[in-house]
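Reader: I have a new structure open and want a quick tour. Can you walk me through it?

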Amino acid sequence: MGPELLGFAAAGICAYAADLGLFIWLRGPVGLDPLTAKALSFVAGCTVAYAGNALGTYRRETAGVSRLRQYGIFFAVNIAGALVQLLCIAVSHYGLGLTSQRADTISGAGIGMALATVLRFWGTRTLVFRTTGREASWTG
């Protein structure tokens, strides 16, 4: 599972860079509103992550499978991850009353990102790139 984790992490880092870079560009020079900019950069980040995983980490798992179907499931898994991050912020900010910018950052970008990454890894290997020849388990 070591090479799989490294490949997943590399694809994720590239996706994060694409998401962040595009968001900054869309908000700055392009002048889009923050929600539109984030929505577009999120889709771009998902696309980069999917490409990195489909062409790299899980390239042997994609034979004979519809790429469009895979991408749809991958996108849904990533939306679920984003919702986990939002839920962490909501619980911390509104449920626990931790309303500082630092608390929001820790709950969303720290705890939320960690939980979302676990969900994305599980979903990517189990739901998106599963095969009948390999049991989808944490022991690989």
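**A buried charge and its surroundings**

Author: Start with Arg125, which is buried at a relative accessible area of 1%. Buried means under 20% relative accessible area, exposed over 50%, and partly exposed in between, with a 1.4 Å probe and protein chains only. This is a predicted model: local features need pLDDT of at least 70, side-chain atom pairs count only at pLDDT 80 or more, and totals for chains, interfaces and linings use all residues. Residues are numbered from 1 along each chain as its sequence is written, and side-chain values use heavy atoms, with hydrogens and water left out.

Reader: What does the side chain of Arg125 meet in a salt bridge?

Author: Glu4, at 2.6 Å from N to O. A salt bridge is a side-chain nitrogen of Lys or Arg within 4 Å of a carboxyl oxygen of Asp or Glu. Arg125 is in helix H4 and Glu4 in helix H1, 121 residues apart, so the pair links distant parts of the chain. Helices (H or I, at least four residues) and strands (E, at least two) are DSSP runs, numbered from the N terminus.

Reader: Is Glu4 buried or exposed?

Author: Buried, with a relative accessible area of 13%.

Reader: How many salt bridges does a search of the whole structure find?

Author: Two. Besides the Arg125 pair, Lys38 forms one with Asp19, the closest N and O atoms being 2.7 Å apart. Lys38 is in helix H2 and Asp19 in helix H1, 19 residues apart. Asp19 counts as buried at 13% relative accessibility. Lys38 counts as partly exposed at 37%.

Reader: Which ring does the charged end of Lys38 sit over?

Author: The ring of Phe23, 5.9 Å from its centre. The rule is NZ of Lys or CZ of Arg within 6 Å of the ring centre and within 35 degrees of the ring normal.

Reader: Back to H1. How many residues does it have?

Author: Helix H1 has 26, residues 2–27. From first C-alpha to last it reaches 37 Å, close to the 38 Å expected. That expected span is 1.5 Å times one less than the number of residues. Its buried residues are Glu4, Gly7, Phe8, Ala11, Ala15, Asp19 and Leu26. Their cover includes helix H2 (34–57) and helix H4 (101–128).

Reader: New topic: how many aromatic pairs are there in the whole structure?

Author: The search finds seven. Rings of Phe, Tyr and Trp (its six-membered ring) pair if their centres lie within 6.5 Å; planes under 30 degrees apart count as stacked, over 60 as edge-to-face and the rest as tilted. Take Tyr50 and Phe74: their centres are 5.7 Å apart and their planes at 65°, so the pair is edge-to-face.

Reader: Where do Tyr50 and Phe74 lie?

Author: Tyr50 lies in helix H2 and Phe74 in helix H3 (residues 67–95), so the pair ties together parts 24 residues apart in sequence. Tyr50 is buried at 8% relative accessible area, and Phe74 is buried at 2%. Tyr50 also makes a stacked pair with Phe129: 6.0 Å centre to centre, 15° between the planes. Phe129 is in the segment after H4, so this pair ties together parts 79 residues apart in sequence.

Reader: Which residues form the aromatic cluster?

Author: Phe42, Tyr50, Tyr58, Tyr71, Phe74, Phe75 and Phe129.

Reader: And the chain overall: how many helices and strands?

Author: Four helices and zero strands. Of its 140 residues, 31% count as buried. The C-alpha trace spans about 50 × 35 × 25 Å along its principal axes.

Note on methods:
Contact = heavy atoms within 4.5 Å.
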